[in-house]
Amino acid sequence: MDTELYKKEFEEIFIQHFPKVRTFAAILLKSEQEAEDIAQDIFVKLWEQPDLWEKNLVRNYLYTMVKNHIFNRIKRKNIESKYLYSQINSHSLTEMEEFKDPLNEIYHEELQLLLKLALEQMPDKRRQVFEMSRFMHLSNHTIAEKMDLSIRTVEQHIYLALKDLKKIILIALFFIKF
Amino acid sequence: MGNYFNKIIDLFVKTDVSADFQAEFQKWLTAEKFSEEKDSALKSLWQKTEEGNFAGISSQTQQSLGEVHKKIKQRQRKVNIRFLHFWQVSAACLTIALLSTLYFAINKKSVNADLIEQYTPIAEITHLTLPDGTQVQLNSTATLFYPEQFTGETRSVYLIGEANFKVSKNKKQPFIVKSNDLQVTALGTEFNMQVYPGNPILSTTLLSGSVEVRFNNMTTTHILKPNEQLIYNKQTKEDAINYPDIGDITAWQRGELVFKSVTLKEIFTVLERKYPYTFVYALNSLKDDKYMFRFKEKTSLEEVMDIIIGVAGNIRYSIEGDKCYISPL
C-alpha cells in the first residue's frame, strides 16, 4: 500500500469522527480550545495506529481516549485549584419534603447537583431572590427592600423558582422510579 | 437505574453554567463514586453526538485536519532525527512496509470481527480467558480490546494499562499485544506489560518463554529472555533492560503493593488506581526523595498512609469522603 492510500484512508476516518470527538469534549469541558487540542492529540496518535482504524474498534477506542483525556484535564485542574464547594442544604427546602425517598439519600450528591443546575438555569433576579429566601432565610419583606422590589414580585419570583426546581427534580425522579 | 446521571449530564450540556458550577460538575463527573453509572450516561451522550458527514466537510474540520497533518510531520521528524544518517532511509522504508503489512493483515481478517472491550474499575482486578484460552489478569483502570474470535494469521489484542498474559501455545498464530507505543509478540509464554497512559515509563517483563518487543516509532526490536524486563521512557526515549524481582512484578496480581525507589507522587498515582480515593496535593509540596515500601494484600489505605507518612515525616494526610488530602506539616 502506498502512502497516498494510507493518507486517504486516515482522512476518511478523520472527517467522520473528528467533529464528534471535538464536540463531545467541548460540551463537557465547555471550552472549544481545549476540545480542539484534545481531539488533535487523539488523531495524531491514531495516525500511527492503523490497526485501530477498523469501523467498530475506532468508535470504542475514540470514546475511551476522549473520556480519558477529558478526565485527565479535569483532574489536573482540580489539583491546581483546590476550591471549596458549597452545599445546598436540601433539608432547608421544606417544599422538597415530598421528594424524601430512600433513593434520594443514596443519590444525595446527584440531587444536589440537579438543584444547583436548576438554579443555574434561572434568570439572575429569580435566583437571587430564591437564594435569599431559602438559603439565607430572609423574610420576603427584607428581600423586597434589599432588591428594591415589591413584596408581590418577590413572592412571584419564589413561586416561579420553586416551580422550576420541582419540574427538574420531578422529571429525574420519574425516570428513577419507572 | 441511575437516570439522575443522564439527567445531570443532559442539563449540564444544555445550560450555560457559571465557572463555579462547571468546576463542581466536573469534579462530580470524575469522582469514583458511581463511575459505572456515569460512564454509561457519558456513553449515551457519546452516541448522541453527531459524526461528521462526507458530503459537507466544514472549514473548521478542514483546518483541524491541516493542523493534525502538521503535528504528525513534526513527530515523525523528531523520531527520524534519532537515527544515524545511514539509517534514515531504511528506517522510513521499513516503517512504511511494516505499517502496510499490518494494515493489510488486519483489514483482511477484520471483516466481521466484533471487538470486546474489557475495562477494570479502580480497586479491582479482572481475570479473563480469551477465545484462544489465553489467561489475562487486568489491573485496575486498565482496558483490553480483543476480538470475539481470533480468525487471522495473528492473535492481536490492544492494551491500555497493565496486564499479565499467560498465552496458550500456538506457534502458527502468534499472540500480539499492541499498545500506543509498542507491541509485544509471543508464541506461548507468560509476561507482564505496563502501559498506563499517564505514566511515561512503559515496561514489559517476561516470566517464561520468549517475546519480541517492538516500538511503534522505531524499527528496533528486543527479544526478551525469562526474568528480563524492558523499560522504555517515553520522555527521554531511552530504553534499558532490568532484572527485577519477579515477585515484585506479579505482586499486584496477589493484591500486594510493592514500591521500589519511587517518589511520593508516583506512589500516590499507584494508590489512586488501587483505592477508590483521589489524592489532592500541591505538586511542588512533594520532594523528589525516593522510597521503598512493601505492603501485604488487603492493607487498608489508612494503614498504608500511616506508614508512608511515618517514613516521609514532613507531611500529613486526611481522608474526607473520596478524597485523600496531603498537606505539608
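Student: Which residues form one aromatic cluster?

Tutor: The cluster consists of A:Tyr6, A:Phe10, A:Phe14, A:Phe18, A:Phe43, A:Trp47 and A:Trp53. The model is predicted, so local features need pLDDT of at least 70 and side-chain atom pairs count only at pLDDT 80 or more, whereas totals for chains, interfaces and linings use all residues. Residues are numbered from 1 along each chain as its sequence is written, chains are lettered from A and ligands numbered from 1 in the order in which they are written, and side-chain values use heavy atoms, with hydrogens and water left out.

Over all chains, a search of the whole structure finds 25 aromatic pairs. Rings of Phe, Tyr and Trp (its six-membered ring) pair if their centres lie within 6.5 Å; planes under 30 degrees apart count as stacked, over 60 as edge-to-face and the rest as tilted. A:Phe24 and B:Trp46 make an edge-to-face pair, 5.3 Å centre to centre with 85 degrees between the planes. This pair joins two chains, because A:Phe24 lies in helix H1 (residues 3–29) of chain A and B:Trp46 in helix H3 (residues 35–48) of chain B. Helices (H or I, at least four residues) and strands (E, at least two) are DSSP runs, numbered from the N terminus. A:Phe24 is buried at a relative accessible area of 0%, and B:Trp46 is buried at 6%; buried means under 20% relative accessible area, exposed over 50%, and partly exposed in between (1.4 Å probe, protein chains only).

The pair of B:Phe268 and B:Phe279 is stacked, because the ring centres are 5.0 Å apart and the planes stand at 20 degrees. B:Phe268 belongs to helix H7 (residues 264–274) of chain B and B:Phe279 to strand S15 (residues 278–280) of chain B, so the pair ties together parts that are eleven residues apart in sequence. B:Phe268 is buried, with 0% relative accessibility, as is B:Phe279, with 1%.

Rings also receive charges. A charge sits over a ring if NZ of Lys or CZ of Arg is within 6 Å of the ring centre and within 35 degrees of the ring normal. The charged end of A:Lys30 is placed over the ring of B:Phe12, 4.5 Å from its centre. Within chain A, the charged end of A:Lys67 sits over the ring of A:Phe71, at 5.2 Å from the ring centre.
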